[in-house]
Amino acid sequence: MKKSLLLLLCISSSCLAAEPLAERQIEIRALVQNTCGGCHGVGLDGGMGPSLKPEALASKADDLLITTITNGRKGTAMPSWKATFNADEIAWLVSTLKSGK
Ligand code: HEC
């Protein structure tokens with residue numbers, strides 16, 4: 001009984017949405033344009049790395065994208081970003097890229 005009540009509270013409040021603070025969101029967006037953009041293209045529409053636009057990411061699973069950003073991809077130029085972003089930030093970044101917002 002108690003457990004399900006807690007779960008309900010958790011779903012209805014912000015438990016699931018561990019978004020970075022507004023200031024950090026601005027920092028992350030700038031970093032993505034400047035740093036990721038170096039490989040993924042100005043505007044992230046593809047360069048040496050693939051496009052990160054919503055159309056390009058729509059069919060890709062969140063988990064795959066999160067794992068790629070977290071650990072990089074061995075044998076490719078895609079580096080790991082876990083020293084730069086924490087897990088919540090990477091999850092937020094993936095949903096932001098996918099939504100194009
Ligand atoms: C040094 C170049 C480089 C930088 C910098 C870089 N990437 Fe990548 N990234 C790549 C390459 C190359 C691939 C494709 C890897 C492959 O062949 O599977 C890739 C793949 C990805 C993918 C998987 C896309 C897909 O369609 O499966 C995501 C997501 C991604 N990068 C996000 C980022 C983000 C976010 C940043 C910045 C924080 C970043 N990358 C910075 C080179 C880079």
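Contact here means heavy atoms within 4.5 Å. The model described is predicted: local features need pLDDT of at least 70, side-chain atom pairs count only at pLDDT 80 or more, and totals for chains, interfaces and linings use all residues. Residues are numbered from 1 along each chain as its sequence is written, and side-chain values use heavy atoms, with hydrogens and water left out.

**Overall fold**

The protein has five helices and zero strands, and its pattern along the sequence is α-α-α-α-α. Helices (H or I, at least four residues) and strands (E, at least two) are DSSP runs, numbered from the N terminus. Of the 101 residues, 25% count as buried. Buried means under 20% relative accessible area, exposed over 50%, and partly exposed in between, with a 1.4 Å probe and protein chains only. Among contacts between residues at least 6 apart in sequence, 49% join residues at least 24 apart.

**The iron site**

His40 (NE2) and Met78 (SD) coordinate the iron atom of the ligand at 2.0 to 2.2 Å. The two residues come from distant parts of the chain, 38 residues apart: His40 belongs to helix H2 (residues 22-40), and Met78 to the loop between helix H4 (62-71) and helix H5 (87-99). Donors are N, O and S atoms within 2.8 Å of the metal (3.2 Å for Na, K and Ca); water is not among the atoms, so sites may look incomplete.

Why is the arrangement of the six donor atoms around the iron atom octahedral? The angles that these donor atoms subtend are 88 to 180 degrees, which makes it so. Six donors count as octahedral if opposite donors are over 155 degrees apart and all others between 65 and 115; four count as square planar on those limits, or as tetrahedral if all angles lie between 85 and 135 degrees, and anything else is irregular. Ideal angles for six octahedral donors are 90 or 180 degrees.

**Surroundings of the ligand**

The ligand has 20 residues around it, of which Cys36, Cys39, His40, Arg73 and Met78 come nearest. A residue is near a molecule or strand if one of its heavy atoms lies within 4 Å of it.

| Side chain (N or O atom) | Ligand atom | Distance |
|---|---|---|
| His40 | nitrogen | 2.8 Å |
| Lys60 | oxygen | 2.7 Å |
| Arg73 | oxygen | 2.7 Å |

Is His40 buried or exposed? His40 is buried, at 10% relative accessibility, whereas Met78, at 22%, counts as partly exposed. A polar atom of the His40 side chain lies 2.7 Å from the backbone oxygen of Pro50. Beyond its neighbours within four places in sequence, His40 is in contact with Asp45, Gly46, Gly47, Gly49, Pro50, Leu52 and Met78.

Cys39 also lies in helix H2 and is partly exposed at 31% relative accessibility. Not counting residues up to four places away in sequence, Cys39 touches Gly47, Met48 and Gly49. Its C-alpha atom is separated by 8.3 Å from that of Pro50, eleven residues apart along the chain.

Gln25, another member of helix H2, is buried with a relative accessible area of 16%.

**The loop between H2 and H3**

Leu44 is placed in this loop. Phi of Leu44 is positive, near 60 degrees, in a residue other than glycine. Leu44 counts as buried at 6% relative accessibility. Gly43 is found in the loop as well and is partly exposed at 33%. Gly43 touches Gln33 and Lys53, not counting residues up to four places away in sequence. The C-alpha atoms of Gly43 and Lys53, ten residues apart along the chain, are separated by 8.4 Å.

**Helix H4**

Which residues of H4 are buried? They are Leu65, Thr68 and Ile69. Seen down the axis of H4, these buried residues fall within an arc of 90 degrees, so they line one face of the helix. The arc is that of the directions from the helix axis to the C-beta atoms. An α-helix has 3.6 residues a turn, so residues three or four places apart point the same way. The cover over the buried residues of H4 includes helix H3 (54-57) and H5. After H4 comes Gly72, whose phi is positive, near 75 degrees.

Note on methods: A polar contact is a pair of N or O atoms within 3.5 Å; within protein, one must be able to donate a hydrogen and the other to accept it, and residues adjacent in sequence count only if both atoms are side-chain atoms.
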